[in-house]
Amino acid sequence: MRILVVDDNADVLESMVLLLQSAGYETQTTNDGRKALAMSEQPADLLITDLFMPEADGFELIAKFRQRWPQMKILVMSGGGTVVRGNYLALAIRFGADATMSKPFEPAELFKKLEKLTPEVH
Amino acid sequence: MRFRLKIVERMAVGFGLMLLILAVFAWVMDRQTRKIEEARRELTTQISPLIDAADSVAIRVLNAGIGVRAWALDPTAEALLRHHQQVVEARASLLALELMPREPDAEAAFQQARPLLEDYLAECQRFVERGKENANEASEQRLSARREKALTALNAFTKLQRGKMNRALLSIQGASNHAESGTALVVLVALLLFLLLAVFTVRSVREPTQHLVDVARRMEGGDWSAALELARVSVDRHARDELGILRHAFGAAATALEGREQRLKSLVSELRGKNDQIQAQNEELQVQNEELQVQGEEIHTQNEELQAQSEEIRAQNEELARASARLRGQAEVLAEEDERKTEFLGVLAHELRNPLAAISNSLFAMKRGVGNLELRERAEQVIERQTRLLSRLIEDLLDVTRINSGKIRIDREPVDLATVLRSAVEDCKIAAERAGTRVELQLPTQPALVEGDPMRLQQVMGNLIDNAIKFGGDKKPIKVLLEVKDDRSTEVRVTDDGVGIDAELLRRLFVPFSQADTSVKRHRTGLGLGLALVKALVELHGGKVTAFSEGLGRGAEFCVRFPAPK
């Protein structure tokens, strides 16, 4: 299963890749949400994305991906914004995300969620 | 109301009586006059002419006698003629007398006288005729005797006539006397009556008039009692005449006036009373006024006191307001600081997430992919980097704390900023490349000496350049300029052409925990301590740091100046 990871923080992105690859997943990354939006065909089976990014808004990404590729699963991982309060994770669900996680997370949790989201693959 | 016209009536009566008397008098006078007329008539028609004629005869006869004598004395023709004439005349007059009617009682006397007269005259003629020679004294005496006789007889007749005439005259006289006395009587009577009337009228008028005058005088003098008395007496009692009415009217007028005067008097006394009242009230008011004045002054002084107090209070209030404002300002500042600190803590917490997530993931990956060397290496690098990042963050944090509590120390040794900058630029090379930009360094020919801590100075420069890379654009390179001024002070300018700083942030740029943009659109992570730290460190070195920016999207320039080393 291919997973697209979007996060503006390079090391976070790198660590995600390492994590996923260590678990045997195929990964694709971009640190710029615009690039993700520009993708013409479904890039992966699952999207893991941060919410608060400078170039492209995570929420927009979720909404657009959900619209374009309805069967694609979307997992949100976010540490929140600096001044953002409120339930941004719930908001992400409303935008169309399938599941959410907050950074930092327990990697085991991540894998559990992945299994739940794509049971046919596992 | 019928009333007698006392005065007019009386006057009328008087006049009437007068007229009556005059009428009577006139009638009487008329009778008398008639009588007189009669007498006179008699006299003129009968007696008088007779007497005249008789007298004329007598005179003529005498003349004839004289004529004879005259002839006798001077027997001229003229004398003779004259004598003739005289005799003729005498005869004529005798004839005339004869022709006149006579009364029977006088007739006899006349008849006696006539022949004598004729006889004489004839004798006279004969005397003359006889001529002078015959005329002698005796003849003359005889003639004269004849004459005397004739004249005596004539005289008798004349006497009779005269007697009649005298009687007539007497009668006239009598009538005249009667008239006189009658007139006198009438006049007297009239006078008397008039007097009486006058007296009565005057009396009847005088009294009331005098009384009225008296009353009037008294009224003038102020005594109205008499006038009022008049009114009390009814009209009927007064004689019903003009004066009575006048008196009554007078009395009524007096009463009315009196009444009015009384009313006036009472009004006046009322008014006076009221006036007195008002006066009394006035005096009261005056007293009250004075009291009020006193009170007013008291109030005034109280007012002034109050005003002074009010001023005090106002001043105090102002003070309080100022203090309040100050406190508010301070509170605001504190609140702002507090908010910033809270924000900062939020940011801090947030900033920790990513490094922790990266480290956690990397560790798990290492454990999972135990045989994968590449994976392990990459994971190690991530952990290393992130750990360093965390360290730096904590150091920054601690630095700020230390600065705040004044516990930071710097070394003081001569440092060439050129070296510092070169080193800082070198350190940032990778970051610059990754950001797609490069740093241009411009150094002076001479050494740029500064007294300070090399490590800290590097920290400062590194921070500024880092920021420039972070917030600078990728179009133009970042310029770092080092200059040495004439006074041996040094200046470092870091210029970028990036997002710029808006005026609002420019103000709080060096204040701790403020960021260029604490919203979502941040380039890189950062706690916002950098510039605060830069400022503190620069100032510790005795320098000054300033930032310039024309606004968002117009880049920024940071300028640091250090004083000349001692």
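The following dialogue explains how several terms apply to this predicted model.

Reader: What makes B:Arg385 and A:Asp11 a salt bridge?

Author: The side chains of B:Arg385 and A:Asp11 bring N and O to 2.5 Å. The cut-off is a Lys or Arg side-chain nitrogen within 4 Å of a carboxyl oxygen of Asp or Glu, so the pair B:Arg385 and A:Asp11 qualifies as a salt bridge. The count between chain B and chain A is two salt bridges.

Reader: Which helices of chain B supply at least two residues each to the side that touches chain A?

Author: They are helix H6 (242-368) and helix H7 (373-404) of chain B. H6(B) gives the most to that side, with 16 residues. By class, the side of chain B that touches chain A has ten nonpolar, eleven polar and eight charged residues.

Reader: How many residues does each chain bring to the contact, and what is the buried area?

Author: Chain B brings 29 residues and chain A brings 28 residues. The area buried between chain B and chain A is about 2500 Å², and carbon and sulfur atoms give 59% of it. Seven residue pairs, both members at pLDDT 80 or more, are in polar contact between chain B and chain A.

Reader: Why is an area quoted for an interface at all?

Author: The size of an interface is often given as the accessible area lost when the parts come together.

Reader: How many aromatic pairs does the whole structure hold, and what makes A:Phe52 and A:Phe59 edge-to-face?

Author: A search over all chains finds eight aromatic pairs. For A:Phe52 and A:Phe59, the ring centres are 6.0 Å apart and the planes stand at 70°.

Reader: Why are A:Phe52 and A:Phe59 called buried?

Author: A:Phe52 has a relative accessible area of 12%, and A:Phe59 has one of 8%. Buried means under 20%, so the word applies to A:Phe52 and to A:Phe59.

Reader: How do you know that A:Phe52 and A:Tyr88 are an edge-to-face pair, and where do they lie?

Author: Their centres are 5.5 Å apart, with 80° between the planes. Since the angle is over 60 degrees and the centres lie within 6.5 Å, the pair is edge-to-face. A:Phe52 is in the loop between strand E3 (46-49) and helix H3 (58-68) of chain A, whereas A:Tyr88 is in helix H4 (residues 88-95), 36 residues apart, and the pair thus links distant parts of the chain. Both A:Phe52 and A:Tyr88 are buried. Ring pairs link A:Phe52, A:Phe59, A:Tyr88 and A:Phe95 into a cluster.

Reader: Is B:Leu531 buried or exposed, and how do you know?

Author: The relative accessibility of B:Leu531 is 12%. This value is under 20%, so B:Leu531 counts as buried. B:Leu531 is found in helix H11 (residues 530-540) of chain B. Not counting residues up to four places away in sequence, B:Leu531 touches B:Asn463, B:Leu464, B:Asn467, B:Leu509, B:Phe510 and B:Phe558. B:Leu531 and B:Asn467 are 64 residues apart in sequence and 8.9 Å apart in space, C-alpha to C-alpha.

Reader: Why are B:Asp214 and B:Arg218 called partly exposed?

Author: B:Asp214 has 29% relative accessibility, and B:Arg218 has 36%.

Reader: What makes B:Arg493 and B:Glu483 a salt bridge, and which parts does it tie together?

Author: The closest N and O atoms of B:Arg493 and B:Glu483 are 4.0 Å apart, and the pair forms a salt bridge. B:Arg493 lies in strand E5 (residues 490-496) and B:Glu483 in strand E4 (residues 478-484) of chain B, so the pair ties together parts that are ten residues apart in sequence. Salt bridges that share partners join B:Glu483, B:Lys485, B:Glu491, B:Arg493, B:Glu557 and B:Arg561 into one network.

Definitions and conventions. Residues are numbered from 1 along each chain as its sequence is written. Chains are lettered from A and ligands numbered from 1 in the order in which they are written. Side-chain values use heavy atoms; hydrogens and water are left out. Contact means heavy atoms within 4.5 Å. Buried area is the accessible area (1.4 Å probe) that two parts lose on being put together, summed over both. A polar contact is a pair of N or O atoms within 3.5 Å; within protein, one must be able to donate a hydrogen and the other to accept it, and residues adjacent in sequence count only if both atoms are side-chain atoms. Helices (H or I, at least four residues) and strands (E, at least two) are DSSP runs, numbered from the N terminus. Ala, Val, Leu, Ile, Met, Phe, Trp, Tyr, Cys and Pro count as nonpolar, Asp, Glu, Lys and Arg as charged, and the others, Gly among them, as polar. Rings of Phe, Tyr and Trp (its six-membered ring) pair if their centres lie within 6.5 Å; planes under 30 degrees apart count as stacked, over 60 as edge-to-face and the rest as tilted. Buried means under 20% relative accessible area, exposed over 50%, partly exposed in between (1.4 Å probe, protein chains only).
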